[in-house]
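Let us learn to read a protein model, one feature at a time. Look first, then ask.

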Amino acid sequence: MFYLVCAPNGQANSDGPAPDGEEYFAATLLLAEKRWKIKEYGDEARALLHAMVHKGENQDGYPMFEPENTYIKFVAHLHMTDPSYHLPHFYQLYARYGNPEDSAFFLRAEEGARKFWLKSANAKTGLTPEYADYEGEPYDIDGHWTFFSDAYRTVANIGLDWLCEHQEIGQSQIAINIQKFFEPYLENDEEIPVFKIDGQPLRKEEQTAEGFPPLKVHHPLGLWSTLAQASLVTNEFDSTVALKYLKYFWNLKLRRGKYRYYDNLLYFFALLALSGNYQKEWL
């Protein structure tokens with residue numbers, strides 16, 4: 001397991017991991033094993049995946065996947081999730097190249113993750129909350145119940161899953177809805193409000209006492225990048241809107257200053273996906 005945040009000297013600044021990080025570490029190691037034929041990479045991934053599924057069976061902690069419904073947790077000790085953590089295209093990878101005894105679990109997780117997108121996304125707007133309970137309803141921890149920073153990644157993941165697996169159960173409509181919801185903001189330069197998942201702007205009286213979430217988007221570059229990545233799906237259903245987002249994305253500038261880390265990483269992820277540089281043929 002990996003700590004969520006560390007100081008430059010490696011000292012942990014948190015007392016636990018973030019399960020989405022482990023998901024990416026495991027997938028990256030399996031891809032590296034297949035590309036470079038180095039078994040040790042895969043062994044590290046399989047050890048990590050075993051802990052993610054089985055931790056706690058000997059009263060030694062908590063698993064990162066909920067045993068009964070297979071959902072990835074927001075943090076291991078809480079029984080709730082984050083819609084942007086659901087990565088069915090990775091679970092297919094785990095099922096094929098992870099631990100054989102957990103293959104059936106990850107195939108269930110793959111199916112369950114796509115269904116969870118449908119549960120957690122608003123049927124009209126396509127917006128998902130940052131944190132959610134297992135029924136897909138917004139889950140409030142310190143104000144993280146709106147369509148805020150984590151939530152941007154959900155539609156990007158829908159796009160990447162479409163690229164990798166192309167299994168349609170209705171999630172394409174989420175991508176179409178969210179691109180259409182934000183389409184008016186492509187035409188102006190005003191700051192984008194923080195929205196509730198029903199599409200209503202957050203009101204000041206709905207913030208926490210600390211003023212969180214803010215009333216305006218903190219990561220516009222990240223938002224536009226993930227919305228552009230949704231074009232991996234929407235190009236097959238509404239190519240006109242999809243192309244608008246791709247053109248807008250192409251002309252974006254990398255961010256400088258305080259919030260550059262999250263914005264620019266989402267930009268790079270989108271650029272990899274949209275340029276065809278997720279190399280599935282390694283598998």
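A: Start with a definition: helices (H or I, at least four residues) and strands (E, at least two) are DSSP runs, numbered from the N terminus. This is a predicted model, in which local features need pLDDT of at least 70, side-chain atom pairs count only at pLDDT 80 or more, and totals for chains, interfaces and linings use all residues. Residues are numbered from 1 along each chain as its sequence is written, and side-chain values use heavy atoms, with hydrogens and water left out.

Q: Where does Pro 213 lie?

A: Pro 213 lies in the loop between H6 and H7. A cis peptide bond joins Phe 212 to Pro 213, with omega about -10°.

Q: Which loop holds Lys 37?

A: The loop between helix H1 (19-36) and helix H2 (39-54). Phi of Lys 37 is near 55°, which is positive in a residue other than glycine. Lys 37 is exposed, at 68%. His 166 also has a phi near 55°. His 166 sits in the loop between H5 and H6 and is partly exposed, at 43%.

Q: How far apart are the end C-alpha atoms of helix H10?

A: First, the general rule: the expected span is 1.5 Å times one less than the number of residues. Helix H10 (residues 260-274) has 15 residues, so it should span 21 Å; its end C-alpha atoms are 21 Å apart, which agrees. Just after H10, Gly 276 takes a positive phi of about 80°.

Q: Which helices do the buried residues of H10 pack against?

A: Those residues include Tyr 262, Leu 266 and Ala 270. The buried residues of H10 pack against helix H5 (152-164), helix H7 (220-229), helix H8 (231-234) and helix H9 (239-250). Contact means heavy atoms within 4.5 Å.

Q: Which residues touch the most other members of the largest nonpolar core?

A: In soluble globular proteins, nonpolar side chains tend to be buried together. A nonpolar core is a set of buried Ala, Val, Leu, Ile, Met, Phe, Trp, Tyr and Cys residues joined through side-chain atoms within 4.5 Å. The largest here has 37 residues, and Leu 127, Phe 147, Phe 182, Ile 192, Trp 224 and Leu 227 touch the most other members. H5, helix H6 (171-182), H7, H9 and H10 each supply at least two residues of this core. Apart from it lies another core of 29 residues, among them Met 64 and Phe 105.

Q: How many salt bridges are there?

A: Side chains of opposite charge can pair when their charged atoms come close. A salt bridge is a side-chain nitrogen of Lys or Arg within 4 Å of a carboxyl oxygen of Asp or Glu. The count comes to 14. Take Glu 110 and Arg 114, which meet at 3.0 Å, N to O. They are four residues apart in helix H4 (residues 103-120), so about one helical turn separates them.

Q: Where in the chain are Glu 183 and Lys 244?

A: Their side chains meet in a salt bridge of 2.6 Å, N to O. This pair links distant parts of the chain: Glu 183 is in the loop between H6 and H7, and Lys 244 is in helix H9, 61 residues apart. Glu 183 is buried, at 19%, whereas Lys 244 is partly exposed, at 36%.

How values were computed
Buried means under 20% relative accessible area, exposed over 50%, partly exposed in between (1.4 Å probe, protein chains only).
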